[in-house]
Amino acid sequence: MPAISVKTFAGERPKVDPRLLPNESAAKAYGCHFDNGNLSPLKSPLLTGISVISNAKTIYKHLNEYWFSWDKAVNAVASPVANDPWQRVYFTGDGYPKVTNNTIFSGAIMPANDYRLGIQSPEVPIIAIVNDAATEEVDPNDDETRYYTHTFVTEQGEEGPPGEASQRIDIRYPNEEGTHVKLSFSPPNVNASNITHRRIYRTATGGGIADYLFVAEIPISQNLFVDDISTDELGSSLDTYDYEMPNENMIGLTSMANGILAGFFDSTVCFSESYLPYAWPTGYQLTTEHKIVTCAALGNTLAVLTEGYPYLFSGISPDSMAGQKLESNQSCTSARSAVIVNGSLIYASPDGLIGLNGGGLSMLTGQIITREQWQEYEPSTIEAYHQEGRYLAFYGANLDKAFIFDPTDGDFRHFTATANCGFNSLVDDALYICQGKNLSKWEAGPAVMSYEWKSKAFIANDLSFACAMVKGVDTELAGLRIYADEVEVLHLAPGQIPKSAFRLPNTRGNSWSFEVYGKGTIHSVSIATTMQEVAA
């Protein structure tokens, strides 16, 4: 005889008519977990006792100890330098690009202080005056022509690009004792980058075409220096010619392989020098056809999502990056919808969720949800996170609606929770969400949410089912509704479901379905015409 038996449970596939769904799929899945194929409730977030600013839009956990928060959409990354003694954090989105370190970030609200990322070139050339000790020409062939330049240096030893060269300096008696060049300097017009020192360089041969060699490093407060250093005592060559500051409008900071940081502004992608996050040569910039929305690193590849075509930029060094435009019209509708899950970048497009990796792009939800249904998720508002191999998203004007998409099973489930923002911690493999000013750890609490799971419509052709059985754990915490032709024929509230098979009212129907709700773990639900069938 015909029977309905659901022994595994899964989420929604809204595009499919309920009568055509696989038996395990849901017409409605709300607050559900499907561990081991069972139906169980999602755990509630657990308050951590940690507070951040009340209007936080971004949170970031540094060194698994310090919680940073901002009232803007910020992208923060830790220093790519191994065992960085300054424990630096670089971030964009809060005005011009910035950096903070362990001498200034601690406070009631963190980061307590920061500096501008990058070091500007000196604005005023060195003024050099020669003092020739000898009064008569000894060897006219040893005359020396010099040019001087200088760079600014931060407390962390980060060196910026050189300033304009000094005027030409001609020295007639360079080898005479007492011959020297008196150098005078101007202070930086603005010092937002924690500039503490200045490095002086000079050419070693005439004509102004030789490389600049290191002369000395002096405190930034020192405005005079006497250069009486011989040529054979000069140091290494100047190598920061193109160490420019990042564009002041750069956002979307992300960390790639080989110590490279990347960001963007407008339709321009930017790359830093390897392991030098303060140096952003304009020669390393590349462009896209449309305005960039966000970017994310996939190993040596940078996935760049735009208001038009997506791009992949690949290379093992910043000067070898090459871009590939993907001929797809799947633009990104929300920067914060982009999350790496199981090695692929998943993001919200106007048509649904897209998966992007080194192999290209694919529509993940094309067979699961229609474009029209997708609009109900307000894709331009989505802020998402990865959670145990799944894509967890909050959406709506107040981010008070949410769904989970499982890219492996290809289904949706929904739940109610509010999150101003969140952070995925790789150290403890946990998702933290911010609710008001309070931080909670996702699915870590002893309390659980209430779930609702409604089955597909099972076609029965004017059949009368006589009995049913629900198996599981703590079934007294679950309720059951059974429908015939979409009319409720039985409702057992939590605490009323028998431990064994039970009788149904005498009802006939062409279409049968059921709904389970509450907090109990359900292993199976069976509906049949005989007790023997449901007990099997």
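Domain bounds, as used throughout these legends, come from an automatic or database domain assignment. The coordinates are those of a predicted model, in which local features need pLDDT of at least 70 and side-chain atom pairs count only at pLDDT 80 or more, whereas totals for chains, interfaces and linings use all residues. Residues are numbered from 1 along each chain as its sequence is written, and side-chain values use heavy atoms, with hydrogens and water left out.

**View A. Domain layout of the protein chain.** Domain 1 comprises 3–41 + 449–535, domain 2 comprises 47–108 + 245–441, and domain 3 comprises 127–237. A distance of 84 Å separates the C-alpha centres of domain 1 and domain 3.

**View B. The largest pocket.** A pocket is an open set of points on a 1 Å grid over the protein atoms alone, with protein on both sides within 12 Å along at least five of seven lines; a cavity is a set of points where a 1.4 Å probe fits but cannot get out, and lining residues have an atom within 4 Å of a point. Grid points are joined across faces, edges and corners, and a volume is the space filled by probe spheres set on the points. The volume of the largest pocket is about 1,400 Å³. Its lining has 42 residues, with Asn 75, Ala 76, Val 77, Phe 423 and Asn 424 nearest the centre. Strands (DSSP runs of E, at least two residues, numbered from the N terminus) that each supply at least two lining residues include β6 (58–62), β8 (75–78), β24 (292–298) and β36 (421–425). By class, 26 residues of this lining are nonpolar, 12 polar and 4 charged; Ala, Val, Leu, Ile, Met, Phe, Trp, Tyr, Cys and Pro count as nonpolar, Asp, Glu, Lys and Arg as charged, and the others, Gly among them, as polar.

**View C. The second largest pocket.** This pocket holds about 200 Å³ of space. Among its lining residues are His 386, Glu 388, Asn 424, Asp 429, Lys 441 and Trp 442. Two or more lining residues come from each of β32, β36 and β37 (430–435). The lining divides into 4 nonpolar, 4 polar and 4 charged residues.

**View D. The largest nonpolar core.** A nonpolar core is a set of buried Ala, Val, Leu, Ile, Met, Phe, Trp, Tyr and Cys residues joined through side-chain atoms within 4.5 Å, where buried means under 20% relative accessible area with a 1.4 Å probe and protein chains only. The largest such core has 34 residues, and Ile 59, Phe 394, Phe 415 and Trp 442 have the most contacts inside it. With 5 residues, β37 gives the most to this core. Leaving aside residues up to four places away in sequence, Ile 59 touches Trp 67, Phe 68, Phe 423 and Tyr 432, among others, contact meaning heavy atoms within 4.5 Å.

**View E. The largest cavity.** The structure holds 2 cavities of 30 Å³ or more, and about 80 Å³ of space lies in the largest cavity. Of its 13 lining residues, Val 99, Tyr 115, Gln 156, Glu 158 and Ser 193 lie nearest the centre. The largest cavity lies between domain 2 and domain 3, because both give residues to its lining.

**View F. The second largest cavity.** The volume here is about 30 Å³. Lining residues include Met 245, Pro 246, Phe 271 and Trp 280. The lining has 6 nonpolar and 2 polar residues, and no charged residues.

Definitions and conventions
Helices (H or I, at least four residues) and strands (E, at least two) are DSSP runs, numbered from the N terminus. Buried means under 20% relative accessible area, exposed over 50%, partly exposed in between (1.4 Å probe, protein chains only).
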